[in-house]
Amino acid sequence: MTPTRKFSLHFLPQAIRNNLGKNAQQAFHHRVHEFYRYSRLPSQCKNHFITRQVSSTTSSWPERPWHSLQHRHMTASTVANNDSESTPGQIAPQSSKNSDISKKNQTLQSSVNYILKIPLGKIGKNNLSKARSFLSIVSKWHNEQGATLSEALMERLYEEKSFGGNHHVTIDSEMYNICMDAWNKSNSNGEKIVGRVESIMNRMEERLPLGGGDHSIARPDTYTYNCLINAYSKWEEDSSEKIEGILEKMNAFAEDAPSSETNGNTIDGEIKSLIRPDEVTYNSLINYYATRKNDHLAAQRAEDLLLHISELSRQGKFQMGTTSFNIVLKAWGNSGGGIHGAQRAESVLQMMIKLYRQGHENVRPDAVSFSSVIRSYSKVDPKDASIAVEKVMRLLNELEGSFIVDSDTNISSCYNAAANVMIKSGLPDAVDRVKELVKRMKNMDADQDGRLKTSIIEAYASQGSRESFQEGKELLLKMMDDQDPDLEKDAVPFNILLNAILKGNSTEKIEQAEELMVAMDKVGGNARPDLLSFNMIISALSRSSAKDSEHEQKAVGHLRNMLKSYTNGHEKAKPDSFVFNCIISMLARSKQHEWADNAMYRTLMAMESQVTRGNKLVTPDTITYNIVIGKLAKSGTKQNAKKVMKLLMSMEKAALSNEAKAPDIITYTSVLRILEKVDPLQAADVASCYLQRAMSNGEKMQVDRLGLQTLLMALSRSPKFDHAMMASIVWVWMENSNKVEHGVLDSGLCDLVLIAFSKTNDAKTAGKALSFLSERVSRYKEGDKTIILPTVVGFSAALVSLAKANRIDDSLRLLEIMKVLSKNGVPNIKPDDGCYNSILINLARSQAKNTAAQALTVVRRMKEDLGQISNASLNSAINNCTKMTEESHVARRKGVEIAFQIFQLGRESQSFDTITFALMIRTCIKLTADESARFKLVEPLFKLCAKNGLVGSMVMSEIGPFKKLLIVNDRLPKGWTINVGYRDR
């Protein structure tokens, strides 16, 4: 049993604590323990605590948190505001104090790290106070670093108290809530936020029995559960069962609290009363459903909760406000329901208006209410555009007539949303309608932020004609020249116009966009093309299929202009990875091979230069390098090979500190492809180095079948014995790594290992090749059906190695093994004429003295096994006889006899050709010392050759000294050459 541990009564009112005796306090400890022991989160939440594997990847463009949480007083009034759409192309302003804030944060982080490193139980009162303050401060950084540090501080304080015995430490609910709130505002990806918040919640509940003395008990309260619900709204996964379970649990606590007090359990009731759904709880639940994109049922559930809140408000439990309605309006806007969703949102708005007119001031519609509904009409199908415009105009009329007071500064958002509807409608009078909105906005004395005026520019561009574009551009330039106070002189309005133009994606539109960028340069200052401007024009050029070569060069030119502008001090033209990757992807498809190769390489070098200069927006990764290396590898020039090797070395160096740049199997496949054409030996060296790292790093370096094939092929083309050994070692490693089951290894790859051995001339080669092959054959015979055997190609390569070492007996035994395996059903392993020819060719290349007799043995075996001798094998066998020139007279005479025996076997198989006769004549001349004896041997051979029409150039070359005796008047009858191929004549 779990022993009952002592809990602090510090959280209770002083009056209650004074009236509790010792026995009552002990009873209280027991009840608190039992209360939290059986009051965990819903079961569907538990499986996601602690053990969740959370991805550490954060979004490049994180969604802002939906509302601001303040400790004990979470205000939800900004829920609908933060979800409003901004004008296309608008860029959030950057604070000029960012660098100072960063320095302060670094200093604070150093202080936090100092406290974290203090030995357990040694944190003094002063540092405890600092730790508590630091926890609160870093939680307000609103990033992942701050959330991580705040959680680390909380854990360190918990360990200091629980395991260090430091009784000066106080762990309360506020600390846990601050950490959960920090993660909700961290802008991390939703999955990570949910994982961390669930983990903190789980620890908070699991640690309840660890409270002691007079210290407060850290226990979940309403704020805690609200934080958890808020976390789920930031994740795209369906968590509806979890949040509904949390609401059910909170309601159960609230319902049970009065009965506990009635039964005399005042303390139990006091605890349960701290967990009661409030307005923020329900708003958080509604917001969860509002964040579900394109989900009609989620929007309906949000509205159902609104009706439930209305009933609770009627009962006097809390007062329902405008914020609850605004979140539901957002839900219908996100529902993806088109005109139906927008009309449903409008019906909710009309409900608000009705309630307000009945005297419910707390649900008075505001600008957020109207802008949310108007924005919903911007998401309708084009066929419903005219209806949407009509609805929006009626809403504006109602807005202006009844529900806006001077204090409502958000009225401009309604007109901006209405302008967006007009622009998207595609109506021919969209420009006039937007201009009318400007006039109406002025009549309302609303603050003008310039966005509505830029909407006029966008309306011109959306008309699609060159004339409307020209009018929009001229109007914009005039506004800039007149220094319109409502229009900031920067690139934002130009980018809006640029974005509208480039939606057409035609050559004419691109030309218009380039004209606009020239105009931006002329205006100067912050109106010059910025990052977004260059991204849009380069992206449009990469998508265009017309005049590919011209557009490629234009895109590269824009990149140069961008880098030049940034170098000259235009900070807003600071390039990012997108623009570089866009250029690289475009050039990878280019047909201007040499120019594109050079341009692509220089683009990647420019990326590396930006990284060196501290541009954190540029992060070339493995994919970027692979695209460039893959393109360069296609040409196979020495120049490109040097570039590829330079890039590979750069990746390998960067990989030591940044895994995102680590070369992978795709990288090495491309590198080896070009090196095999330029320098096969270097290709083998690169393959060997990669495989060594792969084996030492285990599963960190993945090797697939295609990659392994490329690596083994590189090794198999090298004459080095070490490379052949690497091929066999890596094969065994792959076998032991269960790659057979994953389909990586096959017989074709096994062939490459034996081919690698066949290319070397080392004395140990034959033994190693035979050992590799014998091990696999033995395991197969022992019943190991998972073992992979080579095909006839691999066995032929092993026969080459054995023949080079003059191990003919082993070669013949291997042929026997092949026949047995083939009879046992092993596919593609039956000996063919290539196997015998492999022995004969390499036997002739060896330095052995008895090759002629061995060749005869092989030929006879071939005739016995295959029933005939191939022409290639016959010629190879005879060629072995011509190598006996340095032997004794008897041995040479024996060589001639063997040659004629082989020749006779060939005649029986009808396999001879002009080369056969040439080799026989050469053998007779070289191995016969007497001139008369030579002629007696050569003459019948020549006559037989002429009879078969096989007197070719090689035969004529070999009979040199007997030419005049064999050919009358140096004229060959036509019949003597009739069967000679064109190249052999």
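## Cysteines and disulfides

Cys750 has a relative accessibility of 0% and so counts as buried, a term that stands for under 20% relative accessible area, with exposed for over 50% and partly exposed for values in between (1.4 Å probe, protein chains only). The structure, which is a predicted model, holds 0 disulfides. Cys881 is in no disulfide, and the nearest cysteine sulfur, that of Cys924, is 9.9 Å away, whereas a disulfide is counted where a pair of cysteine sulfur atoms lies within 2.5 Å. Cys881 is also buried, its relative accessible area being 0%.

## Helix α40

Cys881 is one of the buried residues of α40, among which are also Leu874, Ala877 and Ile878. This helix spans residues 871-881 and is mostly covered, since 8 of its 11 residues are buried; helices (H or I, at least four residues) are DSSP runs, numbered from the N terminus. The cover over these buried residues includes α38 (833-845), α39 (851-866), α41 (889-909) and α42 (914-927).

## Gln512 in helix α23

Gln512 belongs to helix α23, which runs over residues 507-523, and this glutamine is buried, with a relative accessible area of 1%. When its neighbours within four places in sequence are left aside, Gln512 is in contact (heavy atoms within 4.5 Å) with Arg466, Phe469 and Ile501.

Residues are numbered from 1 along each chain as its sequence is written, and side-chain values use heavy atoms, with hydrogens and water left out.

Definitions and conventions: This is a predicted model: local features need pLDDT of at least 70, side-chain atom pairs count only at pLDDT 80 or more; totals for chains, interfaces and linings use all residues. Helices (H or I, at least four residues) and strands (E, at least two) are DSSP runs, numbered from the N terminus.
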